[in-house]
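Open the model in your viewer and keep the sequence panel beside it. This tour goes from one selection to the next.

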Amino acid sequence: MTRKPKHHKTILVGKTRLKSPSRMDSSSFKISSIIGGFVWFLLFISSVCSVQSLDSDNLKQSNQTFLPFEELQKLKMIRAHLMKINKPAIKTIKSPDGDIIDCVFSPQQVAFDHPELKGKKPLDEPERPIGHNSVVLPEDFQLWSMSGESCPEGTVPIRRTTENDILRASTIGRFGRKLRRVSRDSSTNGHEHAVGYVSGDEYYGAKANINVWAPSVENQYEFSLSQIWVISGSFGDDLNTIEAGWQVSPELYGDRYPRFFTYWTSDAYQATGCYNLLCSGFVQTNNKIAIGAAISPTSSYNGGQFDITLLIWKDPKHGNWWLEFGSGILVGYWPSFLFTHLMDHASMIQFGGEIVNGKTGSHTSTQMGSGHFPSEGFGKASYFRNLQVVDWDNSLIPLPNLKLLADHPNCYDIQGGVNKVWGNYFYYGGPGRNLKCP
């Protein structure tokens, strides 16, 4: 890498270098040998003959030949669920981080199990918002694609779900779902935020560049994410949201890599919606991006800075909500029939970070963003830049009256600004537990 002059920091986005805003303004049982009785053997065979062999890491138990009947039944249910979401692949790719990426024929993806989509095919590309310029960037921003392998045209790359993934969830029914978050302006179920938002108008989409880091997450049951929320309805039982960004979630993925993700709900995270492609909902349309796959590279403190550009907007012709990734790649869409309020428009757009604090007695040390406070600025604190919304005329416009909110500013804070190069932007995040956040 070419050494930069001492007083000229840069940010690398794909192959585009941007000047630091600080220079522009102040601103991841074993079945031991079967030695039990013949009756237990028959019970075991009858319980698992319809599914694949057990993962050795899941079932390793010393001095035990068979699992209890209840455990066998649970594994049978898990495998039945895996058969629903892991569709037959015409090609598989092993990612350097251990993921298996299945190339699935597009009309066979989970979304088309939905009664409204059975027998249909993915829709053609919609009209982009007015004022949107797609910038050609490298497509190898995910670890799996760096293997040199790719999925054939007509297929979509899907991260394979394993028994381990589901076993980490509290129940099969909760796998792939967020805990319910009831209100916008207070912390519930340990969820804490540092966000910028606009409300009080009709919104038809949002766009932002999101700085990518690998924040530390204290334990398996906590997460740290940075995303865009497209919101409508009240913060009661009828909340509709569409969400996309990056997250570190050991419970969902089994590791601490930052991963590209999507989410949706139409009833305030109760019974509808899920992450990524873990239920019928989001329709993927491209063969280049695997939702739920690890992002690489990531930003480093006082080092290279990397961000991803995400655009979510409502197709004026068919009413579906589309997702585009930075280089003009259409990732796919959320069909409008999934929603009630969002069948029409959004009433709030939100950008920023969220963590789950699972600690009692003291605050978690799970980091948000870079793990550093926004006051540290470029190269140290995480940021969102070029914040825009889509209006009724399908036009991208600057944010009107951006408001900033931090649930617990001594743990995670947010500071915003505007300039000619970054437009509306803010720095956000923090370390969690510290002297002022005990």
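Select Leu-225 and Gln-247. Gln-247 in strand E9 is the bridge partner of Leu-225. Keep in mind that this is a predicted model.

Now show strand E8, residues 224–232, beside E9. The two run antiparallel and are joined by 9 bridges. Turn to the other partner, strand E10, residues 259–265. E10 is antiparallel to E9 too, with 7 bridges between them. Pick Gln-247 again: Arg-259 in E10 stands opposite.

Colour E9, residues 240–248, by burial. 9 of its 9 residues are buried. In a regular strand, side chains alternate between the two faces of the sheet. Show the side chains of E9 to follow this. Asn-240, Ile-242, Ala-244, Trp-246 and Val-248 point one way. Thr-241, Glu-243, Gly-245 and Gln-247 point the other way. Both sets are buried.

Next, select Lys-178 and Tyr-263. The charged end of Lys-178 sits over the ring of Tyr-263, 5.5 Å from the ring centre.

Select residues 382–390. This is strand E17, mostly covered, with 7 of its 9 residues buried.

- Strand E7, residues 205–211, pairs with E17 in the antiparallel sense over 4 bridges. Look for Ala-206, whose bridge partner in E17 is Val-389.
- Strand E18, residues 396–398, pairs with E17 over 3 bridges, also antiparallel. Here Val-389 stands opposite Ile-397.
- Strand E21, residues 423–429, is antiparallel to E17 as well, over 3 bridges. Ser-382 stands opposite Tyr-428 in E21.

**Aromatic rings**

The structure holds 19 aromatic pairs. Start with Trp-422 and Tyr-425. Their ring centres are 5.6 Å apart and their planes meet at 85 degrees, so the pair is edge-to-face. Both residues are buried.

Move to Phe-426 and Tyr-428. This pair is edge-to-face, at 5.8 Å centre to centre and 80 degrees between the planes. Phe-426 and Tyr-428 are both buried.

Now widen the selection to Phe-378, Tyr-383, Trp-422, Tyr-425 and Tyr-427. Ring pairs link these residues into a cluster.

**An open sheet**

Select strands E3, E4 and E5. These 3 strands form an open sheet in the order E3-E4-E5, with antiparallel pairing. The edge strands are E3 (91–94) and E5 (155–159), each pairing on one side only. Neighbouring strands of this sheet are turned by 25 degrees against each other on average, direction ignored.

Look at E3 against E4, residues 100–105. They pair over 4 bridges. Ile-93 stands opposite Ile-101 in E4.

**Disulfides**

Show the cysteine sulfurs. How many disulfides are there? The count comes to 3. Numbered in sequence order, the bonded cysteines pair 1-2, 3-4, 5-6.

Stay at E4 and select Cys-103 with Cys-151. Their S to S distance is 2.1 Å. The torsion about the S-S bond is about -80 degrees, so this disulfide is left-handed. Cys-103 lies in E4 and Cys-151 in the loop between E4 and E5, so the pair ties together parts that are 48 residues apart in sequence. Cys-103 is buried at 0% relative accessibility, and Cys-151 is buried at 3%.

Go on to Cys-274 and Cys-279, joined with S to S at 2.1 Å. Their torsion is about -85 degrees, so this disulfide is left-handed. Cys-274 is buried, with a relative accessible area of 2%. Cys-279 has 16%.

Last, select Cys-411 and Cys-437, joined at 2.0 Å. The torsion here is about 90 degrees, so the disulfide is right-handed. The pair links distant parts of the chain, 26 residues apart. Cys-411 is in the loop between strand E19 (403–406) and strand E20 (413–419), and Cys-437 is in the segment after E21. Both cysteines, Cys-411 and Cys-437, are buried.

**Zoom out**

Show the whole protein. There are 5 helices and 21 strands. Of its 438 residues, 53% count as buried.

Technical notes:
Residues are numbered from 1 along each chain as its sequence is written. This is a predicted model: local features need pLDDT of at least 70, side-chain atom pairs count only at pLDDT 80 or more; totals for chains, interfaces and linings use all residues. Side-chain values use heavy atoms; hydrogens and water are left out. Two strands pair if DSSP finds at least two bridges between them. Axes are lines fitted to C-alpha atoms, for helices over the stretch in contact, and angles run from 0 to 180 degrees between N-to-C directions. Buried means under 20% relative accessible area, exposed over 50%, partly exposed in between (1.4 Å probe, protein chains only). Rings of Phe, Tyr and Trp (its six-membered ring) pair if their centres lie within 6.5 Å; planes under 30 degrees apart count as stacked, over 60 as edge-to-face and the rest as tilted. A charge sits over a ring if NZ of Lys or CZ of Arg is within 6 Å of the ring centre and within 35 degrees of the ring normal. A disulfide is a pair of cysteine sulfur atoms within 2.5 Å.
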